[in-house]
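My notes follow in the order I made them.

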Amino acid sequence: MHTAEPLRLTPDPGLLSRHPHVKSLASRLASRYLLHELVDDDQLRQVGGALMTALDAAERITDAHRQAGTLVLPLIIETADPALLNLPWECLHHPELGFLGSDHRFTLSRRIPEVAVDLPPLAEGPLRVLLFTAQPDDLDAEKERLDTEEEQARVLEALTPWIGSGHVALEAPDDGRFATFERLVREGGFQLVFLSGHGRFHDEPHLESPWAGFLFEGPEGLGEEVDETRIADAFTGSGVRCVVLAACQSGKAASDTLNTGLARRLALRGIPHVVGMRESILDRAGILFAHALCGALGRQLRVDQAVQQGRKAILRPLEGGGAYRDIDGSPLAELSLGQWPLPMLLSHDPAAPLIDPDFTATPPEPRTRYNSNLDAVELPATFIGRRRELRTLAAPLLEGRRHQLLITGPGGQGKTALAGQLARRLQERGFTVHAWSARPGNPWPDFFAELIFTLEDARIERHQKRLPLATTAKLRARLLLELLVEQHDGRLTLFLDNLEEIQDPESGEIDHEEVNAWIAEAPRFAKAGLCLLATSRRLPPGWPAEAHHFLRHPSYGDFLRYLQQQRPARSDRARLRRLYKTLGGNLRGLNFFLRAAPQLDEEDETAFLEKLEGAQQELQTDMAIDRLIDHLEETPRELLSRLRVYTTPVPADGVRKLALDLDAPLDALATLVARSLVEAGRAPDLLTAEYALEPQVADRLRRTLPRPPTPWFRAAADYQRHLFDHERPTVEQALTVHQALVDAGETNGAHRFALTTLIPWYDRRGLYRTLLDQWLPPITTCDDPKLRGDAISYAGKFHHALGEYNTALQFLNQSLAIQREIGDRSGEGTTLNNLSQIHDARGDYDTALQFLNQSLAIRREIGDRSGEGTTLNNLSQIHHERGDYDTALQFLNQSLAIQREIGDSAGLCATLFNIGHIHWQNGEQQEALGAWIDAYGIATQIGHAQVLAALEGLAKQLGGDGLSLWEELAGQLETESAAEEPSPPPCD
């Protein structure tokens, strides 16, 4: 928005003596805010009109507005008189133009003349923003606790587009200590700082002079008051250009004076722009103001324009908002009407930018993305409270002073949420987080396989070569951890959740050899940077005391914040206190109780609470879940039972798959979600909602109900396969399909899926040892001869790839006998092809050719085009090795044509690689490089580890550094092609 020249309005020093009623009106208005009385537009108009009359500026403003035309007119109230500065100029009212402080045609700010502002040159950007909140543990939980989670979420929401584009960088610590604030302000390079919390103003009679303080969090989490001088000193040499002081709805006697005093102190210290609240502002209004202010600053508006938009955003912040009521039910919506004039701007020059407006933004490097979950670990959408624990636990992890942490405590206390928040903090510092939950449906071998898939190709090759020597669980853990830590340069976090699921019920020992091995080996890599996070309800024997934290129940303030998030019906304080005491702060139990409560009358609820009081905490959640389920109608209850067959979240179509015989299944699903029996999340890859049983509900049903009938497991497997085939073709989904088939009792179906989908996937990544040790053994002994023959053939192929030729021949001959016995011509053709490769590797080319010609004949006979292309490629290699390059090239071109026809990407990679070698040996270097570049592009796209490894070795032979050579050559080729493209003919 473009602005006109500012209009400076300088109040006469004698204004208050000539218009004493102005001070009286301002004082009454301040009292109404202090006492939380209604402030409406009529009252504001009365005060604003009196100010306009006393200022005698109506005509000047009218003239300036007319001259500005369509431009925004900045208004600046300029005075150094403290008494005049304390007047509520933001509600200034013009008889024709209305309230000037909220009108989009104006901006309104204040200026203290002759303030020295000496700052370093403007930073080039991005705009660095610090959102600092302080929330001591000893605040009144019902009246003084701030909604810091919502404030952070709103600010992040407003700034997200600008963060993504590289215009803004945001930091929002959960540590509210003054030492942290001081360090961040001085060292963080921030241009914009938000300070949100509670303040006090001390003007007791015995004091020589009044002073203002702000409540930070002390080392133990209690309030620690810091005076305005120390706060202002923290900004010395910082380069901060704008400070926003966000007060809260504390009801403290003089928080308005604090903000005015602190704002003035900062302005006098030379901060170019200071935003403060003249009176205590409602928490919700302050959040909405910050949201609008940040959005405007992100769009690179001037600070005075951003403040004006912030005021407009809180004209009616709570109007009609029944959800935004005080905890005792007192209405706040009507009190919200007078919030908009509270934000004031003290600015040396409202037009002064915060950063260089001409800088070119660069989007930040992509960080690890996460949704509401970390891998298989389910996390709440919003993390609430636990600031004491975050202060105590986060700093040692983030600073590298602690590398192992186990959080224990009863169920429902938030162990997973806290550990997940710590993991996210590590993510934000550049750590890669791999998370696994020990809950049913998350087998460790699948997690282990996914870890291997995250390795770069060269490290996968090293892993497979060294795996035969890793003969124990500890050695296997050590090998993979070494490669993962190396790949991530030490910035790696392993998060193991719900370990109680694999602990011995009596001794507490972790009864899982592989997981035990990983926990035992993790400290070995601590100095390299590995961080291990874990949660459990029990402390395993021998766990180091310094690496353990017992999580106590949430504070009453956190309990109430969680309660408000659930949007409960009106509740009296006595009932809430009883709930907190009864449940021991069990937030999950509270959630289920709240969902069950509407089904109970007052007498039943009292009786239910009495039962809960007499139960152990671990049983309380079960009792609340049982009560919820008891009040379900038949269709939702049946759907809930059937959903047990899914081990991962599924979209609504997956739910419908189980409910074809039920009436209105989506209505039943909505009921289950509304009562928190089913969790609704977001599938970012499918851009739709997905649903899963709440973990403790799933656990309760597993312990109390018989196993679902097999047909429902089969329906679940069918849907998971459909999802893989049509919407989610990932290795993670393939593993889910395999497990679903196993759960459905379709063992051979699971074997068949593994042979056609998972094993080729592992094959392309070169994970031969994993295949031979984990995947193939159960298939090579199954009762289906075709599956058994195919698996044995694969075993021969993989032993060949590992250079174990004698073992490979044994497997391949065994497979060939089975396939010929059952008439499996396709399998026979594959095995003959694989046999040829053994003899080729041994230099017995005649025998290799015999096997290949037999394979080719069979594949042409049965119309196996993919197999024909593979065999033609292998035939070319025999002739290549004999020096018959022309014949080799003929076979390769035939193979290439077939593979392009059928879209065989893996085959294309190998054929193009081999064609490149023929051209190179014929002296046709450009043709060779072109073929290798094409092979690199396809292999990179599909993750073909063998071809990429071969190309890496080839690049080094050619004098390059590795795969980067092919990237450089591909770029050069693209540039040359663009340069050679003919220009369009001229128009007639």
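Entry 1. I began with the contact between two helices. From α37, the residues Ser905, Ala906, Leu908, Cys909, Leu912, Phe913, Ile915, Gly916, His917, His919 and Trp920 take part. On the α38 side I listed Gln925, Glu927, Ala928, Leu929, Ala931, Trp932, Asp934, Ala935, Ile938, Ala939 and Ile942. I sorted the residues of this contact by type and got 15 nonpolar, five polar and two charged. I note that the model I am reading is predicted.

Entry 2. Next I looked up how these two helices are placed. Helix α37 covers residues 905-921 and helix α38 covers residues 925-942. Their axes come within 8 Å and cross at roughly 160 degrees. An angle over 145 degrees counts as roughly antiparallel, so α37 and α38 are roughly antiparallel to each other. The crossing of α37 with α38 is left-handed.

Entry 3. I then asked myself: is Cys909 buried or exposed? Cys909 has a relative accessible area of 0%. The cut-off for buried is under 20%, so Cys909 is buried. Cys909 is also one of the α37 residues that meet α38.

Entry 4. I checked another cysteine, Cys782. Its relative accessibility is 8%, so Cys782 counts as buried too. How many disulfides does the structure hold? I found zero. For my own reference, a disulfide is a covalent bond between the sulfur atoms of two cysteines.

Entry 5. The crossing of α31 and α33 is left-handed.

Entry 6. Which residues make the contact between α31 and α33? From α31 I wrote down Asp790, Ser793, Lys797 and His800. From α33 I wrote down Gly827, Thr830, Thr831, Asn834, Gln837, Ile838 and Ala841. By type, the residues of this contact are two nonpolar, seven polar and two charged.

Entry 7. Last, I looked up Arg302. Arg302 sits in the loop between α10 (283-298) and α11 (303-313). At a relative accessibility of 19%, Arg302 counts as buried, because the cut-off is under 20%. Leaving out residues up to four places away in sequence, Arg302 touches Thr3, Pro74, Leu297, Pro350 and Ala351.

Terms used. Residues numbered from 1 in each chain as written. Predicted model: local features only at pLDDT ≥ 70, side-chain atom pairs only at ≥ 80, totals over all residues. Heavy atoms only, no water. Left-handed = near helix turned anticlockwise from the far one by under 90°. Helix = DSSP H or I, 4+ residues; strand = E, 2+ residues; numbered from the N terminus. Contact = heavy atoms within 4.5 Å. Nonpolar A, V, L, I, M, F, W, Y, C, P; charged D, E, K, R; others polar. Disulfide = S-S within 2.5 Å. Buried < 20%, exposed > 50% of the residue type's maximum accessible area, 1.4 Å probe, protein only. Axes fitted to C-alpha atoms, helices over the stretch in contact; angles between N-to-C directions. Parallel < 35°, antiparallel > 145°, perpendicular 65-115°, else oblique.
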